[in-house]
Amino acid sequence: MLKRLAQLAATLLALVAVAVPAHAQGSLSDTFSGEELVESGREFFGSAAQGLASVVERAVSEYGQPNGYILGEEAGGALFIGAKYGEGTLYTRNAGQFKIFWQGPSIGLDVGGDGSKVMMLVYNLSSIQEILGRYPGIDGSAYVVGGVGMTVTKRGNVIVVPIRSGLGARLGINVGYLNFTSEPTWNPF
C-alpha cells in the first residue's frame, strides 16, 4: 500500500512538473482582431484616437493579427542625442497581463521633446520573456502639436509595432533601440 502511494505521488509530481512550465509560459498563439485593437485603442487614447483606426488597419494588413499588445505612456527628448522612457501593460489572450517598461537611447538629426500614449502591437510572441531585450530601429518625428505615427522594430522572430499619439514639439530622424525590461530603470542603455 505504501509503495502504491509513493508511485501515485511520483506520478502526480511528474504531471505537475510538466503542467506548471507550460502554464507559466502560456500559450500565446491566440491573436487579437483589428476591431478589438481599435476598440482598446479608442478606450485608451480617448479623444486623441482620431486616425488610430487607419494606422491599426495598416499594421494588421502588413503583419497580420498580433498575439499581444501593450498600452502605455512614454516621454522622450533629443538634442541630436536623445532618450526615451515608457511604461505600460502587456496584454495577451492566454498568459494574462504583465507590467512592462522600456527605455532607449537615440542619435541622429533629432531635436525636441514629446510625450505619447502608446499602443504596441506584438507579433510572434511565444513566451512573455521573449519580449524582454533590445529592439533596434529607425524613428522619425515631425509635429508641433500632435499626431499619430507607427514604427516597426524586430528582434529575432518577435516584431513590435509602436503606434504613438503624442504631444510636443519634435522634428527629425534618429537611430536607436527600445530596451524592454520587467523593472523600471533610468539607464537608457
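## Briefing: helices, then strands

Read along the sequence, this protein chain goes α-α-α-β-β-β-β-β-β. That comes to three helices and six strands, where helices (H or I, at least four residues) and strands (E, at least two) are DSSP runs, numbered from the N terminus. Keep in mind that this is a predicted model: local features need pLDDT of at least 70, side-chain atom pairs count only at pLDDT 80 or more, and totals for chains, interfaces and linings use all residues. Residues are numbered from 1 along each chain as its sequence is written, and side-chain values use heavy atoms, with hydrogens and water left out.

**The whole chain**

- Of the 189 residues, 42% count as buried; buried means under 20% relative accessible area, exposed means over 50%, and partly exposed is in between (1.4 Å probe, protein chains only).
- The chain exposes about 10,300 Å², and carbon and sulfur atoms supply 61% of that; the areas come from the Shrake-Rupley method with a 1.4 Å probe, and for residues only the protein chains shown count as cover.
- Take the contacts (heavy atoms within 4.5 Å) between residues at least 6 apart in sequence: 71% of them join residues at least 24 apart.

**How the strands pair up**

- Strands S1 and S2 pair in the antiparallel sense over 23 bridges; two strands pair if DSSP finds at least two bridges between them.
- S1 and S2 also form a hairpin with four residues between them, and Gly96 in that turn has a positive phi of about 90 degrees.
- S2 (residues 97-123) pairs with S6 (residues 158-181) as well, in the antiparallel sense and over 21 bridges.
- Met120 has its own bridge partner in S6, namely Pro162.
- S5 (residues 153-155) runs antiparallel to S6, and three bridges join them; Lys154, for instance, has Ile159 in S6 as its bridge partner.
- S5 and S6 form a hairpin too, with two residues between them, and Gly156 in the turn has a positive phi of about 65 degrees.

**What's packed inside**

- In soluble globular proteins, nonpolar side chains tend to be buried together.
- The largest nonpolar core here has 18 residues, and Leu37, Val56, Met119 and Leu121 have the most contacts inside it.
- A nonpolar core is a set of buried Ala, Val, Leu, Ile, Met, Phe, Trp, Tyr and Cys residues joined through side-chain atoms within 4.5 Å.
- Val56 touches Gly34, Leu37, Val38, Met119 and Ile163, leaving aside residues up to four places away in sequence.

**Charged pairs**

- Side chains of opposite charge can pair when their charged atoms come close.
- A search of the whole structure finds seven salt bridges, each one a side-chain nitrogen of Lys or Arg within 4 Å of a carboxyl oxygen of Asp or Glu.
- Glu62 and Arg58 meet in a salt bridge at 3.1 Å, N to O; they are four residues apart in helix H3, so about one helical turn separates them.
- Glu62 is partly exposed, with a relative accessible area of 44%, and Arg58 is partly exposed at 49%.
- Glu74 and Arg164 form a salt bridge at 2.3 Å, N to O, linking distant parts of the chain, with Glu74 in S1 and Arg164 in S6, 90 residues apart.
- Glu74 is buried, with a relative accessible area of 6%, and Arg164 counts as buried at 11%.
- Arg170 and Asp114 meet at 2.8 Å, N to O, in a salt bridge; Arg170 lies in S6 and Asp114 in S2, so the pair ties together parts 56 residues apart in sequence.
- Both Arg170 and Asp114 are buried.
- Salt bridges with shared partners join Glu74, Lys84 and Arg164 into one network.

**One residue to look up**

- Val148 sits in strand S4 (residues 146-150) and counts as partly exposed, at 30% relative accessibility.
- Val148 and Gly51 are 97 residues apart in sequence, yet 6.7 Å apart in space, C-alpha to C-alpha.
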